[in-house]
Amino acid sequence: MNDQTLTPEERAANLKGMGCARKRVEDVRFTQGKGNYVDDIKLDGMLFGDFVRSPYAHARVVSVNKEAALALPGVVAVLTAEDLAPLGLHWMPTLAGDKQMVLADGKVLFQGQEVAYVVAEDRYIAADAVELVEVEYEELPVLTDPFEALKSDVVLREDLEGQTEGAHGPRKHHNHIFTWEQGDKDATEAVLAEADVVAEEMVYYHRTHPCPLETCGCVASMDKVTGKLTLYGTFQAPHAIRTVVSLISGIAEHNIRVISPDIGGGFGNKVGAYAGYVCSVVASIVTGKPVKWVEDRMENLMTTAFARDYWMQGKIAATKDGKITGLWCHTTADHGGFDACADPTKFPAGFMNICTGSYDIPTAYLAVDGVYTNKAPGGVAYRCSFRVTEAAYFIERMIEVLAIKLNMDAAELRRINFIKADQFPYQSALGWEYDSGDYHTAWDKALKAVDYEGLRAEQAQRIEDFKAGKTRKLLGIGLTHFTEIVGAGPVKNCDILGLGMFDSCEIRIHPTGSAIARLGTISQGQGHATTFAQIIASEIGLPADDITLEEGDTDTAPYGLGTYGSRSTPVAGAATAMAARKIRAKAQMIAAYLLEVHDDDVEWDVDRFAVKGAPERFKTMKDIAFAAYNQAIPGLEPGLEAVSYYDPPNMTYPFGAYICVMEIDVDTGEWEVRQFYALDDCGTRINPMIIEGQVHGGVTEALAIAMGQEIAYDDMGNVKTGTLMDFFLPTAWETPNYTTDHTVTPSPHHPIGAKGVGESPNVGGVPAFSNAVHDAFKPFGLVQSHMPHDHWRIWKIASGLGMHG
Ligand code: PCD
């Protein structure tokens with residue numbers, strides 16, 4: 001190792017540190033069938049749980065008869081709300097300050113709601129027993145439209161009747177949850193009244209679902225001898241689950257061990273707590289045996305946390321030459337039967353107040369009204385930082401609508417309104433401080449890369465040809481410039497159920513110079529084992545290949561708030577760098593001692609400390625690690641390890657410029673993505689290959705959402721898209737090619753300048769696809785049309801514009 005023949009660049013390359021397109025180390029296991037998911041866990045004597053679910057969206061539960069089910073051989077127990085009530089567990093708190101039935105307590109509020117929990121010796125017996133539980137329902141009127149719900153006499157949440165105060169202030173109606181206001185209402189209204197131009201539109205972002213390949217599940221195992229509860233589960237926030245289980249169950253926190261094994265995709269679906277977790281824990285305590293619960297695909301789509309479902313009424317004001325002067329937004333948020341949104345406590349509509357987007361809008365006002373309906377609860381950050389996708393979709397549609405009104409090119413309209421590079425840190429009208437950005441550079445690069453002028457010329461020709469009857473295909477150019485906001489914390493602003501949103505990393509260097517790092521986050525496929533080792537490698541000069549990463553076991557990992565909202569890199573990534581720097585600080589003292597010079601007389605050089613001015617006199621990190629354990633150093637403890645709990649001073653604001661070029665057949669409604677260009681700026685890039693994979697995955701999910709994916713209900717509250725036959729999940733067949741690109745604008749407050757990236761492609765992708773559809777029909781008079789733009793809806797747009805003769 002003490003090799004002086006290598007250049008510093010060669011030594012740095014050997015580390016495979018930051019900036020290296022290092023191959024994913026986790027894939028060795030995943031590609032060889034060695035993954036260990038919740039359903040792979042098999043414990044001695046394990047029982048299986050399954051739910052009796054309501055076929056009705058709104059009904060009174062008159063009676064539940066368990067007899068026939070209990071008589072089936074192999075059935076161990078059937079739990080109902082009555083059984084949970086004495087333990088106070090028939091309801092549970094939600095992340096949004098509401099409460100939710102664990103098992104139906106007198107009534108059901110959405111189709112698929114949990115009514116009884118059957119425990120049996122195997123999952124087939126459990127499924128058979130579910131059929132034998134007789135439930136008598138009395139149907140009630142169903143409310144699936146939030147606007148209707150706010151007018152209706154039908155009281156959905158009878159448990160809240162008469163309560164005029166909710167978790168987020170006054171309630172205006174018995175089906176109203178909260179009103180959340182940000183910005184300056186009067187000033188914004190004044191701007192709107194005086195403006196040269198005001199564009200107004202209703203932008204709907206439909207209800208959809210994260211639909212991870214692995215559904216949600218858990219195994220609860222209560223050891224009655226030791227009093228220790230082990231809970232394996234598909235948890236995106238294992239430590240938070242441990243604390244919440246302790247608070248709800250009264251089991252001391254040291255007696256609870258929560259383990260998130262491998263997770264097959266999270267996408268926000270696995271942040272919240274579900275009835276299945278509570279029932280499995282209770283069942284394990286009651287039976288003294290491990291109990292496994294794993295939902296099937298239909299249960300996942302119909303009942304676990306949905307996403308979006310925001311009706312956003314917007315008004316945008318501008319001068320004649322296109323300078324935006326004000327933005328007004330009123331959102332009606334359909335939260336379903338219980339308010340179980342997964343947002344930081346102080347943000348009942350998440351970060352919807354980033355809806356001014358990438359633009360320097362001096363005056364703005366946002367109001368959000370949360371509403372109860374007869375739909376499944378949730379409202380999770382499906383690949384977005386708490387409603388940022390809704391916000392980005394809203395502003396990127398409003399910009400397009402304004403461009404129509406101004407008869408101005410939408411790319412130019414964006415350019416003249418972007419926040420300028422010298423305005424950062426930028427204080428937005430709705431309360432955020434954007435840390436850094438250079439939107440003009442990114443935008444110009446993107447427009448040049450796709451030959452924007454050329455595309456517009458081609459489009460103009462296409463319109464002529466279409467009008468002349470020479471083609472039935474339109475060309476759409478979908479533009480988007482988005483600004484994400486990721487990395488919650490800071491603790492002073494962001495908590496979940498009172499738990500501050502910092503994160504952590506603990507690094508232990510072994511005597512021979514390899515290491516293990518443990519984090520408070522948990523990978524669900526993002527590749528943390530690959531990338532976090534790269535941060536450490538660059539910071540302390542040990543090869544990434546010699547660093548093991550561990551996450552997800554609360555008995556070993558330091559406390560942290562988990563992985564969602566693209567917070568791992570901004571928060572745990574910062575903790576990782578800070579822990580590594582603590583190690584390097586101690587290493588410096590050890591090196592100085594070994595080299596017999598003062599601490600200040602050595603300097604860091606890639607993988608070693610060398611005497612200033614005498615680079616041939618050095619100690620590598622490997623040498624130092626050995627000495628740390630095996631040499632008595634006056635004034636220093638043995639060992640080389642450190643932990644950092646990092647509370648970020650601000651969030652990070654990644655951004656990007658996405659352009660989608662789409663061909664649309666007006667007779668069949670079919671679309672084809674001809675080109676998709678995605679430029680992302682996530683500050684310092686840790687692993688370009690992982691970033692590219694993140695962008696491909698996120699844009700594909702965006703394609704799904706914009707072009708077909710939806711959780712649709714009929715008037716009776718039946719879920720019409722509860723299987724993968726109806727719920728669009730793109731395969732390689734539907735997925736187009738993507739061109740990725742980047743600029744690098746580091747975060748000024750993050751120790752390594754990195755911002756998150758995992759969610760960006762979903763935030764930017766959806767408006768890019770949707771804007772392409774709108775742009776194709778714009779010359780023929782289309783202003784606004786609701787997603788998802790499936791073939792049928794596109795065909796209807798064409799029909800509505802008289803294109804079918
Ligand atoms: N990175 C790099 N660089 C930078 C940034 C970043 O490299 N600058 C990378 C890292 O390291 C990682 C990744 O990338 O690995 C990501 O990151 P981020 O952004 O930080 O994030 P995170 O936290 O880690 O994660 C989370 C995200 C989210 S949120 C989501 S939805 C999704 C994404 O992630 N999910 C998923 N992606 C993914 N992938 C996969 N495979 N799977 C999954 O599941 Mo939420 O809120 O939950 O809804």
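A polar contact, as I use the term, is a pair of N or O atoms within 3.5 Å. The model is a predicted one.

I start with the ligand. A backbone N or O atom of Val757 sits 2.6 Å from one of the ligand's oxygen atoms. For Glu759, an N or O atom of the side chain is 3.1 Å from an oxygen atom of the ligand.

Now the shell as a whole. The ligand has 35 residues around it, and the closest are Ala381, His528, Gly565, Thr569 and Gln694. Sorted by class, 19 of the shell residues are polar, 12 are nonpolar and four are charged.

Where does the shell come from? Domain 1, residues 8-35 plus 503-646, and domain 3, residues 306-488 plus 651-800, each give at least three residues to it. In terms of helices, at least two shell residues come from each of H15 (528-540), H16 (568-595) and H18 (688-707).

Next, a region with an annotation. The UniProt record, an unreviewed entry, places an "Aldehyde oxidase/xanthine dehydrogenase a/b hammerhead" domain at residues 32-141. In the model, 36% of that span is strand and 17% is helix, and its end C-alpha atoms are 52 Å apart.

One residue from that part of the chain is Ala59, in strand S2, which runs over residues 59-65. Is Ala59 buried or exposed? Its relative accessibility is 0%, so Ala59 counts as buried. Leaving aside residues up to four places away in sequence, Ala59 touches Lys107, Val108, Tyr137, Glu138, Glu139 and Leu140. Take Glu138 from that list: 79 residues separate it from Ala59 in sequence, while the two C-alpha atoms are 5.3 Å apart.

Lys23 is in the loop between helix H1 (8-15) and helix H2 (27-30). With a relative accessibility of 69%, over the 50% cut-off, Lys23 counts as exposed. Lys23 still has contacts beyond four places in sequence, namely Thr530 and Met689. As for Ala127, 104 residues away along the chain, its C-alpha atom is 42 Å from that of Lys23.

To recap, the ligand shell draws on domains 1 and 3, Ala59 is buried, and Lys23 is exposed. That is the end of my part.

Terms used. Residues numbered from 1 in each chain as written. Predicted model: local features only at pLDDT ≥ 70, side-chain atom pairs only at ≥ 80, totals over all residues. Heavy atoms only, no water. Near = heavy atom within 4 Å. Polar contact = N/O pair within 3.5 Å; in protein donor to acceptor, adjacent residues only side chain to side chain. Helix = DSSP H or I, 4+ residues; strand = E, 2+ residues; numbered from the N terminus. Nonpolar A, V, L, I, M, F, W, Y, C, P; charged D, E, K, R; others polar. Domains from an automatic or database assignment. Buried < 20%, exposed > 50% of the residue type's maximum accessible area, 1.4 Å probe, protein only. Contact = heavy atoms within 4.5 Å. UniProt positions renumbered as here; feature names shortened; annotations may be inferred.
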